[in-house]
Amino acid sequence: MIYGEEQYRKDLNRYIGNIDDQVHSLSKTLEEFSCCILTDFETLQKTVAEAHTIASTYYLQSYLAPFTKEYSSVSLAAQHLSEKRHGGLIVVERRQPVEEYIHNGTPIGAKVSNTLIETIFYPGNPLHDGGTLIREDIIVSAGSILPLTKKTIEGKKLGTRHRAAIGITENSDAVAIVVSEETGRISFAVDGQMYTIRT
């Protein structure tokens with residue numbers, strides 16, 4: 001989904017209002033009745049997850065759009081990889097060149113398309129384990145080795161792709177998108193921080 005700022009604020013405000021109403025209703029039910037509220041918690045959790053998806057999609061788009069016109073192709077590729085549980089690591093260069101931090105990649109030199117990105121990360125493809133570098137609207141290289149962060153995140157075990165995504169964004173202003181092959185979760189890293197888009 002492609003969001004304009006006005007639509008994003010409108011949708012998110014609607015969700016926040018809905019969350020507020022659900023929390024108020026939960027609190028009232030707890031005071032007045034002794035019935036089970038577990039279903040209400042499930043509904044609340046679903047609403048919060050939907051609001052989270054809208055916010056993270058908007059922010060990822062705002063980080064990418066000034067630097068590649070193909071940000072929707074990148075997002076679509078991540079969604080398809082997630083649905084198939086194919087892992088992926090996509091680095092989008094922004095103002096700062098990242099060549100000095102990326103090693104042993106195979107040159108690609110092709111226009112960005114979701115189909116090509118999905119093909120690169122197809123299991124068994126020799127390039128699927130490394131990172132794919134995008135500069136503007138071109139896939140520069142694939143199968144690249146990235147620096148790994150030494151950071152630990154409390155309560156989370158980070159896989160190699162996630163550590164590489166954080167590592168490249170600690171060393172540059174790039175944005176790195178990660179798809180977990182174990183869970184299908186889509187995350188992105190910027191400024192050394194990891195954010196989940198879709199669980």
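**Entry 1. Conventions**

I take helices (H or I, at least four residues) and strands (E, at least two) as DSSP runs, numbered from the N terminus. The model is predicted, and I therefore note that local features need pLDDT of at least 70, that side-chain atom pairs count only at pLDDT 80 or more, and that totals for chains, interfaces and linings use all residues. Residues are numbered from 1 along each chain as its sequence is written, and side-chain values use heavy atoms, with hydrogens and water left out.

**Entry 2. The chain as a whole**

I looked up the secondary structure and found 5 helices and 7 strands. Read from the N terminus, the order of elements is α-α-α-β-β-α-β-β-α-β-β-β. The C-alpha trace spans about 65 × 35 × 30 Å along its principal axes.

I then looked up burial, where buried means under 20% relative accessible area, exposed over 50%, and partly exposed in between (1.4 Å probe, protein chains only). The chain has 199 residues, and 45% of them count as buried. Its accessible surface (Shrake-Rupley method, 1.4 Å probe) is about 11300 Å², with 52% belonging to carbon and sulfur atoms.

For contacts I used heavy atoms within 4.5 Å. Among contacts with a separation of 6 or more, 64% are between residues 24 or more positions apart.

I also looked up the charges, counting Lys and Arg as positive and Asp and Glu as negative, without His and the chain ends. Each charge is placed at NZ of Lys, CZ of Arg, CG of Asp or CD of Glu. There are 20 positive and 25 negative side chains, and the centres of the two sets lie 3 Å apart.

**Entry 3. Salt bridges**

Side chains of opposite charge can pair when their charged atoms come close. My criterion is a side-chain nitrogen of Lys or Arg within 4 Å of a carboxyl oxygen of Asp or Glu. A search of the whole structure gives 8 salt bridges, and I examined several of them.

Arg14 and Asp11 form a salt bridge at 3.5 Å, N to O. Both residues lie in helix α1 (residues 5-32), 3 residues apart, which is about one turn of the helix. Arg14 counts as exposed because its relative accessibility is 53%, whereas Asp11, at 10%, counts as buried.

Glu118 and Lys84 also form a salt bridge, again with a value of 3.5 Å, N to O. This pair links distant parts of the chain, as Glu118 is in helix α4 and Lys84 in helix α3 (residues 71-84), 34 residues apart. I find Glu118 buried, at 14% relative accessibility, and Lys84 partly exposed, at 48%.

In the salt bridge of Glu99 with Arg135, the closest N and O atoms are 2.3 Å apart. Glu99 lies in the loop between β1 (88-92) and β2 (106-111) and Arg135 in strand β3 (residues 131-135), so the pair ties together parts 36 residues apart in sequence. Glu99 is partly exposed, with a relative accessible area of 43%, and Arg135 is partly exposed as well, with 28%.

**Entry 4. Ile120**

I looked up Ile120, which lies in helix α4 (residues 114-120). Ile120 counts as buried because its relative accessibility is 4%. Leaving aside residues up to four places away in sequence, Ile120 touches Asn125, Leu127, His128, Thr132, Ile139 and Ala142. I also recorded Ile120 and Gly143, which are 23 residues apart in sequence and, C-alpha to C-alpha, 8.5 Å apart in space.
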